[in-house]
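Hello,

Here is the structure we spoke about handing over. Please have it open while you read the notes below it.

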Amino acid sequence: MKYLTILLILTSSICFSQESIFDRLTALNNNNKIWYNIDGYSVTSEIFNNSFDEKGLKKVLKKHNISEADVKIKDNKINFNNLFVSKQQKIVGDIYQTNNYYFVENPNKTTTVIWFIKNGKTDKETEEELVNKILENNIPEENFVPLKINSIDFAGRKIELGNSCYWTFLNTVQCPYFGEMNWSIHKTLRDAQECVENQLIVTKSRKSGKVTSEEFVNVDFEGVPTKAKKVIYEFSGVTSALAGMSGGKSLTVYYITENVRNKNVSCVMSFWNNDQINPETKLPPLLELLMKLK
């Protein structure tokens, strides 16, 4: 679809560790719910007025579809009174989506719920560190992005986007007819690759379109010579009508993982066949800001 977000990246598995959790974290405050992007996780944090007791928690647990049968434990690595619940659901093959919930008594004696979602392998240490940082109100202001965007901080570089682009999800930018991109900063490049491989399998399992071309190509990504996985998806019928506002039928996607400015970046850039494609670069304006084809 035109607003389809494809969070897929496939490339080198060399590992470069990140020093701080804040080097990998992006946050967005929207209607009293805070969204976070880190290591391929989708994370939300929300404060409820319910007290952290049996009566108050019952309503909060029900709101998040936590039943009496679900196992609830206390995580001793969290610096506040808490309950931890982990649930999994099969996506395709051996890939499972993990939903890790932290129900925490915050300093105001009400309940904060921090919900981590990720396909494949999770990192409990990162989850626990982020939960403590959130509850202690230690997320730096510079990690927050505005709801309305004219520019983005892409792995330490400010990129001007103009007035036509907007978030479709945190760290996912849609620029109508100019392209779309999404990205995440990971602890290691290996983590990014493993995350992408799972997502690639999930995307290929969907029946909304079919892969007609798949190859590795040489590119310069943020000035770094590397390889990108180029995949072309074809759409037809009703799906095609929904995909492009003016009839887009094929989506070209570049999946890249690279160490850029000492940050392990996973990035996916895509465009439709009816976008404004530069015949010289063979890319639309948004993708030209980050990548050159060799």
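Predicted model: local features only at pLDDT ≥ 70, side-chain atom pairs only at ≥ 80, totals over all residues.

Residues are numbered from 1 along each chain as its sequence is written, and side-chain values use heavy atoms, with hydrogens and water left out.

Pocket

The second largest pocket has a volume of about 440 Å³. A pocket here is an open set of points on a 1 Å grid over the protein atoms alone, where a 1.4 Å probe fits, with protein on both sides within 12 Å along at least five of seven lines. Grid points are joined across faces, edges and corners, and the volume is the space filled by probe spheres set on the points. The lining consists of 24 residues (those with an atom within 4 Å of a point). Leu25, Thr26, Glu142, Val145 and Asp153 lie nearest the centre. Strands are DSSP runs of E of at least two residues, helices runs of H or I of at least four, numbered from the N terminus. By residue type, the lining divides into 13 nonpolar, five polar and six charged; Ala, Val, Leu, Ile, Met, Phe, Trp, Tyr, Cys and Pro count as nonpolar, Asp, Glu, Lys and Arg as charged, and the others, Gly among them, as polar.

Salt bridges

The whole structure has 13 salt bridges (a side-chain nitrogen of Lys or Arg within 4 Å of a carboxyl oxygen of Asp or Glu). One of them joins Arg24 to Asp39, with the closest N and O atoms 2.8 Å apart. Arg24 is in the segment before β1 (26-30) and Asp39 in the loop between β2 (33-38) and β3 (41-51), 15 residues apart. Both Arg24 and Asp39 are buried (under 20% relative accessible area; exposed is over 50%, partly exposed in between, with a 1.4 Å probe and protein chains only).

Lys229 and Glu214 also pair, at 2.7 Å from N to O. Because Lys229 lies in β13 (224-234) and Glu214 in β12 (210-221), this bridge ties together parts 15 residues apart in sequence. Lys229 is buried at 8%, whereas Glu214 is partly exposed at 36%.

Salt bridges with shared partners join Asp75, Lys124 and Glu128 into one network.

Regards
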